[in-house]
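Q: I have a model open and would like to learn how to read its features one by one. Where do we begin?

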Amino acid sequence: MSEQDQTTEQVQTGSLTAEQVRTDHVQADHVDFIIGQWRQERPDLAIEPMAIIGRLKRLTTHLQQGIETHHKRYGLIWGEFDVLATLLRSGKPYCLTPTQLFRSAMLSSGAMTNRLNNLEKRGLIERLPDPDDRRSLLVKLSPDGFRLISEAVGDHVDNEAHLMSALSAEDIRQLNDILKRWLAGFE
């Protein structure tokens, strides 16, 4: 009996659910095990959201580890990379006020102060007087910071592509569209 015939028989006898048929081509993961336990214990629960959020949490852990390991090769932690990358993508003269930097980066204000202090000590940024506001400082990429982040950001993008290599180009496009719609509901 072929694999497809076996699947058809399992559906007909009820030993294989529609969800299992849809995901049959994907290897079971730890979330499947957890979902199976919930289905057995509480079949009344609609647990698809639990499965999706569980997978997102697990993916976040794996992605964060992959990205942090990569950043360490450049002597950076995630937040420091984000500050330098934000300054670089702001364009010449690679200089922002702390408020602009905070709004553009993916960090809290407390974390921003610590990152700026560390980056300044390492000579990767400079703090300069703001000619438009004597009470404020500007944060600017130093020449060393520019060289470091210019090299690191290209490798970072390659690393992100590697982390997503299990997905096809169409999968990535669809996933990006879905996540964008979902995120818009919160922001």
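Q: Leaving aside neighbours within four places in sequence, which residues is Leu76 in contact with?

A: This is a predicted model, and what follows should be read with that in mind. In soluble globular proteins, nonpolar side chains tend to be buried together. Once neighbours within four places in sequence are left aside, Leu76 is in contact with His71, Phe81, Leu84, Leu119, Arg122, Leu124 and Leu148. Leu76 is also one of the residues with the most contacts inside the largest nonpolar core, along with Leu84, Leu87, Leu101 and Ile149.

Q: How many residues does that largest nonpolar core have, and which elements give two or more residues to it?

A: The core has 22 residues. The elements that supply two or more of them are α5, α7 (109–121), β3 and α8. Helix α5 provides the largest share, 6 residues.

Q: How should I read helix α5 in terms of burial, and which of its residues are buried?

A: Count the buried residues against the length of the helix. In α5, 10 of the 12 residues are buried, so the helix is largely enclosed by the rest of the structure. They are Gly79, Glu80, Phe81, Asp82, Val83, Leu84, Ala85, Thr86, Leu87 and Leu88. As for its dimensions, α5 covers residues 78–89 and reaches 16 Å from its first C-alpha to its last, close to the 16 Å expected at 1.5 Å a residue. Just after α5, Gly91 takes a positive phi of about 85 degrees.

Q: Glu80 is in that list. Which residue does Glu80 form a salt bridge with?

A: Side chains of opposite charge can pair when their charged atoms come close. Glu80 forms a salt bridge with Arg122, and their closest N and O atoms are 3.1 Å apart. Glu80 lies in helix α5 and Arg122 in the loop between α7 and β2, so the pair ties together parts that are 42 residues apart in sequence. Glu80 counts as buried at 6% relative accessibility, whereas Arg122 is partly exposed at 38%.

Q: How many salt bridges does a search of the whole structure find?

A: The search finds 10 salt bridges. Among them is the one between Glu120 and Arg127, with the closest N and O atoms 3.5 Å apart. Glu120 is partly exposed, with a relative accessible area of 34%, and Arg127 is partly exposed at 27%. Arg135 forms a salt bridge with Asp133, the closest N and O atoms being 3.2 Å apart. Here Arg135 is exposed, at 78% relative accessible area, while Asp133 is partly exposed at 24%. Salt bridges can also be linked: Asp29, Asp32 and Arg55 belong to a network of them.

Q: Turning to the strands, how many bridges join β2 to β3?

A: Strand pairing is read from the bridges and the direction of the strands. There are 6 bridges between β2 (residues 125–130) and β3, and the two run antiparallel. They form a hairpin with 2 residues between them. Within this pairing, Arg127 has Val139 in β3 as its bridge partner. Strand β3 (residues 133–141) is also joined by 2 bridges to β1 (residues 95–96), again antiparallel. There, Cys95 stands opposite Lys140 in β3.

Q: What do the buried residues of helix α8 pack against?

A: They pack against α4 (48–72), α5 and β3. The residues in question are Gly145, Leu148, Ile149, Ala152, His156 and Asn159. Helix α8 (residues 143–163) has 21 residues and reaches 30 Å from first C-alpha to last, close to the 30 Å expected at 1.5 Å a residue.

Q: How many aromatic pairs does the structure hold?

A: The structure holds 1 aromatic pair. Tyr94 and Phe146 form it; the pair is tilted, at 5.2 Å centre to centre with 40 degrees between the planes. It links distant parts of the chain, with Tyr94 in the loop between α5 and β1 and Phe146 in helix α8, 52 residues apart. Tyr94 is buried, with a relative accessible area of 18%, while Phe146 counts as partly exposed at 32%.

Q: How far apart are Leu63 and Glu160 in sequence and in space?

A: They are 97 residues apart in sequence and 8.4 Å apart in space, C-alpha to C-alpha. Leu63 lies in helix α4 and is partly exposed, with a relative accessible area of 32%.

Definitions and conventions. Residues are numbered from 1 along each chain as its sequence is written. This is a predicted model: local features need pLDDT of at least 70, side-chain atom pairs count only at pLDDT 80 or more; totals for chains, interfaces and linings use all residues. Side-chain values use heavy atoms; hydrogens and water are left out. Two strands pair if DSSP finds at least two bridges between them. Helices (H or I, at least four residues) and strands (E, at least two) are DSSP runs, numbered from the N terminus. The expected span of a helix is 1.5 Å times one less than its number of residues. Buried means under 20% relative accessible area, exposed over 50%, partly exposed in between (1.4 Å probe, protein chains only). Contact means heavy atoms within 4.5 Å. Rings of Phe, Tyr and Trp (its six-membered ring) pair if their centres lie within 6.5 Å; planes under 30 degrees apart count as stacked, over 60 as edge-to-face and the rest as tilted. A nonpolar core is a set of buried Ala, Val, Leu, Ile, Met, Phe, Trp, Tyr and Cys residues joined through side-chain atoms within 4.5 Å. A salt bridge is a side-chain nitrogen of Lys or Arg within 4 Å of a carboxyl oxygen of Asp or Glu.
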